[in-house]
Amino acid sequence: MIKEYDMRFFTPIKAAMIATFTSVVLAAIKFFVAISTGSIVVLASAIDSLLDICMSAFNYFALKEAEKPANKDFNYGFAKIQYIATTIEGIVILFSAGYIFYKSILHLDSKIPLTDTKIAIWVMILSIIVVGVLIIFLSKIAKTTKNEVIKTDILHYKSDLFSNGAILLSLVIIQFTSFYWIDSIFGILIALYIAYSSLGIIKSGVFMLLDKALDEHTQNDVLKILKNSPILGYRNLKTRVVAERIFVVVDLIFPRDITLLSAHQITDDLEVCIRKIDLSKKWDIIVHMEPVEYFENSHLSFIKKESF
């Protein structure tokens with residue numbers, strides 16, 4: 001009963017709302033500390049948290065739109081809005097990394113010491129704890145819902161956790177050694193890491209927008225089902241993944257003496273078996289039944305079952 005309640009309450013939309021609120025609080029604290037201390041790495045972290053606000057809010061509206069039902073103009077629904085959001089998020093993060101890199105380079109020439117580094121250190125410790133808890137929370141939701149937007153958020157917050165740790169280390173070094181250049185050096189390293197992470201986010205979003213096929217393991221499971229069925233073979237197997245839906249299109253080849261009723265029953269059984277591969281997904285399976293005679297006097301061919 002508790003598990004059912006958790007799954008009902010911890011939705012991707014609620015997760016986006018919680019992530020947005022968390023980012024607002026962290027960004028406000030970091031901007032205040034960055035201004036008061038003059039730290040470029042804390043400023044970088046504050047800008048990153050500001051981006052978190054924008055992205056989490058954007059993800060919230062994207063997830064809301066993605067839940068809208070299909071209509072006459074969009075027969076397959078609006079699920080791909082999530083991937084548009086993911087791609088835009090990655091691009092914005094990439095530009096933010098460029099800005100942090102630029103500010104860090106400029107700051108290398110600055111000889112102005114930081115002030116109140118102890119406050120900055122405590123703020124970064126708080127940030128690490130809060131972001132760590134948020135990652136655990138989002139991971140639980142991602143595991144339950146398998147939502148791509150939430151998975152992207154987790155990746156981004158993991159990069160935040162890494163950058164916050166690097167920032168904390170640089171502030172500790174400054175506190176005990178007065179080596180102020182470390183602030184800019186760590187700013188550059190963090191910018192490069194954020195840029196690298198953003199490229200992975202962009203790649204994930206673009207691949208989904210381009211109708212990426214099923215992963216190799218799941219695709220092989222589909223082929224095994226076809227192999228163990230009473231069909232002669234198949235052709236034109238195509239798959240694509242859109243959010244929680246998996247689309248499968250295939251032509252099935254049947255022997256000449258089979259009745260339409262029997263072929264229809266075999267097709268139904270195949271669809272049931274394929275759906276059982278992952279019951280958490282919504283499967284849209286389109287099967288075209290072909291008689292083997294159609295291939296006897298034509299240039300067309302099919303993959304015979306014996307050749308698996």
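Student: What is the pLDDT over residues 1-5, and how many contacts beyond four places in sequence does the model have there?

Tutor: This is a predicted model, and over residues 1-5 pLDDT stays under 50, with 0 contacts beyond four places in sequence. Where pLDDT is low, the predicted coordinates should not be read in detail.

Student: Where in the protein chain is confidence lowest, and where is it highest?

Tutor: Helix α1 (residues 2-9) has the lowest confidence, with a mean of 46, while α9 has the highest, at 91. The average for the protein chain is a pLDDT of 77.

Student: Why is Thr267 called buried?

Tutor: Buried means under 20% relative accessible area. Thr267 has 6% relative accessibility, so Thr267 counts as buried. You will find Thr267 in helix α9 (residues 260-275). Leaving aside neighbours within four places in sequence, Thr267 touches Leu252, Phe254, Val287 and Met289.

Student: What makes strand β1 largely enclosed?

Tutor: Of the 10 residues of β1 (residues 233-242), 7 are buried, so the strand is largely enclosed by the rest of the structure.

Student: How do you know that β1 and β2 pair?

Tutor: Pairing needs at least two bridges. Strands β1 and β2 (residues 245-254) are joined by 8 bridges and run antiparallel, so they pair.

Student: Which residue lies over the face of Phe247?

Tutor: Arg240 does, at 4.2 Å from the ring centre. The cut-off for a charge over a ring is 6 Å, with a limit on the angle too.

Note on methods:
Residues numbered from 1 in each chain as written. Predicted model: local features only at pLDDT ≥ 70, side-chain atom pairs only at ≥ 80, totals over all residues. Heavy atoms only, no water. Helix = DSSP H or I, 4+ residues; strand = E, 2+ residues; numbered from the N terminus. Buried < 20%, exposed > 50% of the residue type's maximum accessible area, 1.4 Å probe, protein only. Contact = heavy atoms within 4.5 Å. Lys NZ or Arg CZ within 6 Å of the ring centre and 35° of its normal. pLDDT = per-residue confidence, 0-100.
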